[in-house]
Amino acid sequence: MRREVLITGCLLLLVAGCGKPPADAPTVPIHPVSGVITLDGKPVEGARVVLVNLQGAQASDISPNGITDAEGRFQISTYSVHDGAPDGGYAVTVSWPEIKNPGASEPEYGKERLPKRYQIPDKSGLVVTVSEDLKDPVSFALTSK
């Protein structure tokens with residue numbers, strides 16, 4: 001359990017940086033986004049959740065993202081840890097690869113445990129609209145088939 005917490009913490013640090021927004025970060029409204037990911041009714045731990053702008057991705061776009069915990073819960077980070085995401089519509093992708101060397105300083109990823117469609121923004125079927133009105137956690141019930 002301790003190793004899993006350490007891995008999740010390291011992934012969050014890699015994903016979200018040091019906790020401070022970069023000096024050149026845009027000053028757009030950011031709203032908290034949280035939720036739960038399940039697969040066939042069971043929580044998914046250690047999955048990466050990424051929000052992809054529905055307006056068409058640009059190379060310079062920031063991709064708000066988060067990592068699920070043991071209960072499948074996640075909080076989205078954009079410029080700092082758990083700050084949320086800018087206003088807008090997003091396709092949601094979820095990736096949950098096997099980790100071949102848990103506890104290593106640089107994890108080696110193996111086979112993806114989710115169907116491929118969940119890693120493709122226009123095929124995942126998962127969407128969220130972020131605004132100041134988004135108060136409740138979003139829930140995504142994935143299926144293995």
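1. Strands β2 and β12 pair in the parallel sense over five bridges. Here two strands count as paired if DSSP finds at least two bridges between them, and strands are DSSP runs (E, at least two residues) numbered from the N terminus. Within this pairing, L39 has L142 in β12 as its bridge partner. A word on what you are looking at: this is a predicted model, in which local features need pLDDT of at least 70 and side-chain atom pairs count only at pLDDT 80 or more, while totals for chains, interfaces and linings use all residues. Residues are numbered from 1 along each chain as its sequence is written, and side-chain values use heavy atoms, with hydrogens and water left out.

2. What is the phi of D40 in the hairpin of β2 and β3? D40 takes a positive phi near 50° in this hairpin, which has two residues between the strands. That is a positive value in a residue other than glycine. D40 lies in the loop between β2 (34-39) and β3 (42-43). With a relative accessibility of 46%, D40 counts as partly exposed, a label for values between buried (under 20% relative accessible area) and exposed (over 50%), using a 1.4 Å probe and protein chains only.

3. H82 also deserves a look, with a positive phi near 60° in a residue other than glycine. H82 sits in the loop between β6 (73-75) and β7 (85-86). Its relative accessible area is 33%, so H82 is partly exposed.

4. Now turn to the open sheet, where four strands follow the order β5-β4-β8-β11 with antiparallel pairing. Because β5 (65-67) and β11 stand at the edges with a single partner strand each, one side of each is left without a neighbour in the sheet. On average, neighbouring strands of this sheet are turned by 30° against each other, direction ignored; the axes behind such angles are lines fitted to C-alpha atoms, and angles run from 0 to 180 degrees between N-to-C directions. Three bridges join the antiparallel strands β4 and β5, and V49 stands opposite G66 in β5.

5. Is T93 buried or exposed? This residue belongs to strand β8, and at 9% relative accessibility T93 counts as buried. Leaving aside neighbours within four places in sequence, T93 is in contact (heavy atoms within 4.5 Å) with residues including R48, V49, V50, V52 and Y118.

6. Finally, the largest nonpolar core has 22 residues, of which I37, L51, V92, V94, F140 and L142 touch the most other members. Such a core is a set of buried Ala, Val, Leu, Ile, Met, Phe, Trp, Tyr and Cys residues joined through side-chain atoms within 4.5 Å. β2 (34-39), β4 (48-53), β8 (88-95), β11 (127-130) and β12 (138-142) each supply at least two residues of this core. In soluble globular proteins, nonpolar side chains tend to be buried together. For L142, the contacts beyond four places in sequence include I37, L39, D40, V94 and L126.
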